[in-house]
Amino acid sequence: MATMADVARSAGVSVATVSHVLNGTRPVLPHTRRAVLDAVEELGYTPNTLARSLVTARTRSIGLAVSAISNPYFTEILQGVEAAALEHGYSLLIADPHDDPEHERKVVRLLHERRVEGMIVAPSAQPRELLAYLGRHRVPAVFLDRVVDASRDDGARFDQVCAENTEPTARLVTHLAELGHRRIALVAGLPGLSTTAERITGYRHGLAAAGLPYDERLVAHGDSESAGAERATAALLSPRSASHRAGHRQQRHDDRCAARPAGTRVVRARGHRAVLLRRLRLGGPVLAPAHRDRPAQQGDRGPCRPGAPGPPRRTGPAPADGAAPVRLRAPHVLRLPGRTAARAARPPPHVRAARAARCPRRPREEPFVIVVAGEALIDLVPRGAGALAALTPALGGGPFNTAVALGRLGSPAAFCSRVSRDAFGEALLDRLRETGVDVSSVQRGDEPTTLAVATVGADGSAAYSFYVEGTADRLFTADRALPAGTRAVSFGTCSLVLEPGASAYEELLRTASARGVFTALDPNIRPGLIPDPDAYRTRFEGWLPSVSLLKLSAEDAEWLGGSPREWAAAGPAAVVVTRGGDGLTVFTRGGGEHSVPGERVEVVDTIGAGDTVNAALLHGLAVRDALSDEGVAALDADGWTGLLGFAARAAALTCSRAGAEPPYAHELETGG
């Protein structure tokens, strides 16, 4: 094999001159350059990139870690990345993390050990270790397809590129509803991925726009492979599934509008993944695509192709159609619109009339919304032992956690607060949006975000000290109307203590109650923030006539000095007292008392557990259509046992992991 020295001897130049010609490190006379290149061609010399990398400390390689490389969606992305890399003189090292956090950590470490100069990663649903590794080693990286909260760990920030998912999914649901279908299922991706959360949000928005109820039993989860979607679809259609049994309990005219058995058929959307629907036909040729697939081919069936998101546009040179290349300024999240295919033509009048006669639709109802009013702040959580242990910022605040938990459980939720424009405030709003919580009622300010320094005890319990002077959330004003369709408003924690915002939240509480809106209160007492306990207790008693549901911990009840029976008699239809691992008890205005034991788990910490209970109670009441004083009063012993048990399971899952990480609906074995 020819060496650089052989080329130098053949061309009659030095080895350094050959290096300058091949690497472009110094200008060389044209005739000398030509002689070197001729010698390279004649001898068949190939540069030793490994040796070059040892000298230059550069490998001119990029690591690409994406799951399900066989998925045509990622294959198309791979081709685009490779084209751009080759044009700039880079090679690709490709690995498949299999959507597994542990395997993801291994492949990223191996790519880094191969000295790649940057990485493109489609992160898993639990990217905490990935973020920590990339930030610790200062690896240039871009996250692909799935948005992660990259500010939660050590402050490292990363560019992110993803496709739009929420609006196209809502359009798919709306399209099916316009065709007369009432029971519309969703086969989503892996739980915990931002793409999955966004599509579920779009699914819920589409149902709400069509006046259809949300039923979590109609949501199934697959993975990044088509086989996973097929298994999820089969589970939805199984006669033993909850969704299938629920469908058969509907009236006959509703069943005719729902899924009916049919032969196997494959429906494809142009540019998106094919979905195999076994034994499913939705009243005719109806498209039910997921979001990615190969381009459509001749013979593909399914005339209806509503919009769905396509893959991100390739970086690098503009493609043949003239679209501009993507250029990012770090840190940035770039959300690209999905490719929209033509929609199916509307059925002719006589077909619509026949469908209406067979399947009359119920009157469209306004979608209900649960509004959570109160603070969003940053918890500084110790990582390690000792008074000077490192503090890690985590998104928090009782009302904020309640809103996130409602979104994860699947309830339409909105957040009403005042949030800073600083980096913490942006991260808080990003988390709410990712969870599907509406933030249109959030006020913004230039003041800083409130900080809460947490101290975690040996039993996992948390205590807080607060930094609240001049912060944004306490300057909330009640000058805006609640979102349309508001059925319930939840209040509590610091927001009802810190003035002048406390008076504004109190005004909102009384106004909502006077208008017949269901109100919930979780005082979540923080003694260090209350300068005059007696004055607060008097104020608390003044809120009770305006409260429909009072939820508080046994510690809060002891600090307040009253009894649940007294509080229920003063206004609330029910008072729920949480007793940590010992469970929950409800005291109703009518004199009822029902208890459930706690769920046994290995407690990591209790941060956000009470907020999860609050959200689970509101979600469970909404599912039972009991978001009213009359609805609460109508719950019998079985109803309360089921509702409290659901809240206990949700809180236990939150306690089993670090920080305020409430569960998703699919993590709970049964609904609320």
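## The overall picture

The structure above is a predicted model. Its secondary structure comes to 22 helices and 24 strands. The protein has 672 residues, and 51% of them count as buried.

Taking contacts between residues at least 6 apart in sequence, 65% join residues at least 24 apart.

On the helix 2 side, T17, V18, V21 and L22 make the contact, while helix 3 supplies T32, R33, V36, L37 and V40. Sorted by class, the residues of this contact are 6 nonpolar, 2 polar and 1 charged.

Helix 2 also packs against helix 1 (residues 4-11), at an angle of about 105° and with the axes 8 Å apart. Helix 1 and helix 2 are therefore roughly perpendicular to each other as well. Here M4, A5, V7 and A8 of helix 1 meet V15, V18, S19 and L22 of helix 2. This contact has 7 nonpolar residues, 1 polar residue and no charged ones.

## The nonpolar cores

Now for the inside of the protein. The largest nonpolar core has 53 residues, and F415, L432 and L621 have the most contacts inside it. Helix 22 (residues 637-655) gives the largest share of this core, with 8 residues. Another core, of 41 residues, lies apart from it and has C416, A512, L552 and V577 among its members.

What does L432 touch, once residues up to four places away in sequence are left out? Its partners are F400, A403, V404, F415, V437 and V439. One of them, F415, is another of the residues with the most contacts inside the largest core.

Is S124 buried or exposed? This residue is found in the loop between strand 3 (119-121) and helix 7 (128-136). Its relative accessible area is 4%, and buried means under 20%, so S124 is buried. Leaving out residues up to four places away in sequence, S124 touches D99, P101, E104, R146 and L193.

D446 also lies in a loop, the one between strand 16 (443-445) and strand 17 (451-456). Its relative accessibility is 66%, and exposed means over 50%, so D446 counts as exposed. The side chain of D446 makes a polar contact with the side chain of R421, at 3.0 Å. The C-alpha atoms of D446 and T471 are separated by 8.9 Å, and these two residues are 25 apart along the chain.

V369 is found in strand 11 (residues 369-373). At 13% relative accessibility, V369 counts as buried. V369 and A484 are 115 residues apart in sequence, yet their C-alpha atoms are 7.8 Å apart in space. Beyond residues up to four places away in sequence, V369 touches P412, A413 and A414, along with A484, G485, T486, R487 and A488.

Terms used. Residues are numbered from 1 along each chain as its sequence is written. This is a predicted model: local features need pLDDT of at least 70, side-chain atom pairs count only at pLDDT 80 or more; totals for chains, interfaces and linings use all residues. Side-chain values use heavy atoms; hydrogens and water are left out. Helices (H or I, at least four residues) and strands (E, at least two) are DSSP runs, numbered from the N terminus. Buried means under 20% relative accessible area, exposed over 50%, partly exposed in between (1.4 Å probe, protein chains only). A polar contact is a pair of N or O atoms within 3.5 Å; within protein, one must be able to donate a hydrogen and the other to accept it, and residues adjacent in sequence count only if both atoms are side-chain atoms. A nonpolar core is a set of buried Ala, Val, Leu, Ile, Met, Phe, Trp, Tyr and Cys residues joined through side-chain atoms within 4.5 Å. Contact means heavy atoms within 4.5 Å. Ala, Val, Leu, Ile, Met, Phe, Trp, Tyr, Cys and Pro count as nonpolar, Asp, Glu, Lys and Arg as charged, and the others, Gly among them, as polar. Axes are lines fitted to C-alpha atoms, for helices over the stretch in contact, and angles run from 0 to 180 degrees between N-to-C directions. Angles under 35 degrees count as roughly parallel, over 145 as roughly antiparallel, 65 to 115 as roughly perpendicular and the rest as oblique.
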